[in-house]
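Q: Can you walk me through some helix packing here? I'd like angles, handedness and contact residues.

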Amino acid sequence: MAQTASSIGTSTGGAGDRVFLRKASGLIKTASTTDVFIYNVGLVSIGIGIGGLLLYGPSVYPGGNLVVGVLIAGAFMSAIAFGMLTWTVTIPRSGGIYPFGSRILPPGIAFMLSAVESIAWLFFCGIAAYWVVTIGLIPMFTVLAALSGSSSMTDVANFLSKKGITFAVGTLVLLLAGGILGAGMRRYFFSQKIVVAVASIGTLLLLGIMLFGSRGSFVSHFNAAFGPDVTYDKVVATGRKSGWSNPGFDFANTLKASDWAFLPLIGSAFSIAIGGEIKSGMRGQARGMFGAIWVSTLAFLLAVVLAQRVFGYDFLGTVAFNSLALGSDPAAATTPTTPWVTLLAGVLSNSEFLTVLVSLGFIAWIWMWIPGMQAYGERAMIAWAFDRVAPGPLGKVSDRFHSPVIAIAVATVITVGFLALFVFTTYFGTLVLFVMIALGAWAIVLAAGVVFPYRRPDIYEKSPIAEHRVLGLPLMTFACAIGFLAAVFYFLVLFFDDFAAGHDAGRLAVMGACFLGGLLFFYAMKAYRRSKGIDVDLAFREIPIE
């Protein structure tokens with residue numbers, strides 16, 4: 001009688017009698033379909049998406065059509081999510097891409113890819129904590145100062161702008177996120193329902209302010225708040241003089257501008273990290289992923305159309321162009337702080353109360369990134385620990401809260417370190433580099449999914465999609481093929497976008513170091529386990545523990 005991997009021991013007695021760290025993960029199914037949708041839409045972070053599109057779109061990519069760009073991004077992300085959906089229903093386990101790749105790719109490669117994407121998402125936790133201050137709090141106090149004439153509001157904005165203070169506030173945010181995750185997923189999902197309500201209210205108010213506002217009222221309020229040195233017309237004139245121009249529709253810049261819609265939309269598939277904790281299985285994953293994509297895409301479209309109507313494309317382009325110092329004149333007229341849409345909407349509303357509500361909504365969207373991405377990273381860690389390719393304590397799950405307390409603590413420390421790199425250094429401001437790295441990892445796993453039904457029929461034939469075929473091909477093969485093509489397409493768009501990511505020697509070195517570091521860690525752990533009489537390769541013969 002053939003033995004399964006979980007029944008084969010490589011030594012007698014103790015831990016060597018098991019290939020996996022233990023017989024069950026200790027994680028429980030707590031996520032409903034609604035929880036999955038909120039988790040994914042929170043990791044898109046509609047606020048961040050709107051903010052990035054309106055700040056970078058017209059300023060960095062003049063002539064880029066943001067409406068067309070958003071539609072392209074939504075379509076391509078739907079293809080990627082389709083491929084990831086077939087993976088997560090075939091191997092419904094928590095841990096991101098690691099449980100998928102490790103059952104078809106060489107284990108060292110699978111671990112390397114998982115480590116790379118985990119580094120990327122934990123890095124973005126640190127960035128999000130930074131953005132809580134720079135996109136949420138500082139613009140809010142800047143507008144409040146302009147509207148009220150209060151010097152104390154200006155003092156608060158300037159105080160928060162100090163690097164040490166930004167780091168301290170961001171660290172507190174990261175520690176809070178770790179504490180909530182440590183209290184268990186039920187409490188986390190409950191907290192996210194409250195936060196998404198606040199975020200949604202803020203976004204609806206933003207859209208309403210832009211819908212009912214007019215170009216004339218914005219110009220009047222802007223000139224009153226920042227004039228006479230900075231006026232609407234002076235911003236546009238100095239921006240053009242400094243080098244910004246609108247050439248009309250530019251397809252290349254449209255594709256590059258679409259990066260800023262695509263990048264947040266990647267979060268719509270992040271529920272693959274908690275695949276083993278979803279009660280409604282395939283239905284929950286499908287509705288959670290595609291619902292997040294389509295709702296977010298609609299919100300992006302509405303915001304772009306309304307913002308261009310009320311603020312003007314040329315103003316959006318020049319005010320950010322000047323603020324980001326992209327032109328030849330560093331003294332070109334612009335706002336006192338980065339002109340995120342929260343600042344512009346506050347000026348348009350001419351209301352301190354609405355400014356606070358819209359800003360709190362954006363802070364709520366940014367917050368949703370932090371525990372969500374941290375959960376993704378630490379779920380990967382415990383999946384590694386279960387397969388014994390990472391230290392065993394990372395797989396410890398609290399009996400009381402059913403949360404991986406050690407992995408959460410480690411992930412929190414890592415995110416604080418990344419926050420420090422982002423605040424105190426300039427190089428790591430090239431943040432999209434890490435998303436490009438993770439997207440490359442996803443592309444490889446999607447490519448592996450194309451052949452998975454043929455290479456691992458022992459697993460695929462047990463999947464709920466095993467009987468479905470498209471064009472004579474297994475559904476997973478078809479879905480992963482179009483997902484792979486979509487991922488490669490956006491990897492290349494990012495690769496050739498020097499502003500967002502690019503491919504200079506320094507950035508390529510960072511990419512190489514991330515991949516090599518993951519590979520070296522795997523083989524070091526493999527050698528260590530072998531010295532203890534454990535063959536980690538046996539774990540990859542079957543589906544991971546539940």
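Q: At what angle do α8 and α15 cross?
A: This is a predicted model. In it, the axes of helix α8 (residues 185–212) and helix α15 (residues 341–349) cross at roughly 50 degrees and come within 10 Å.

Q: Left-handed or right-handed crossing for α8 and α15?
A: The crossing of α8 and α15 is left-handed.

Q: Which residues make the contact?
A: From α8, Leu 206, Ile 209 and Met 210. From α15, Val 341, Ala 345, Leu 348 and Ser 349.

Q: How many are nonpolar, polar and charged?
A: The contact of α8 with α15 has six nonpolar residues and one polar residue, with no charged ones.

Q: What's the handedness where α10 passes α14?
A: Left-handed.

Q: And which residues touch?
A: On α10, Tyr 232, Val 235, Val 236, Thr 238, Gly 239, Arg 240 and Ser 242. On α14, Asp 314, Phe 315, Thr 318, Val 319, Phe 321 and Asn 322.

Q: How many charged residues are in the contact of α10 with α14?
A: Two, alongside six nonpolar and five polar residues.

How values were computed: Residues numbered from 1 in each chain as written. Predicted model: local features only at pLDDT ≥ 70, side-chain atom pairs only at ≥ 80, totals over all residues. Heavy atoms only, no water. Axes fitted to C-alpha atoms, helices over the stretch in contact; angles between N-to-C directions. Helix = DSSP H or I, 4+ residues; strand = E, 2+ residues; numbered from the N terminus. Left-handed = near helix turned anticlockwise from the far one by under 90°. Contact = heavy atoms within 4.5 Å. Nonpolar A, V, L, I, M, F, W, Y, C, P; charged D, E, K, R; others polar.
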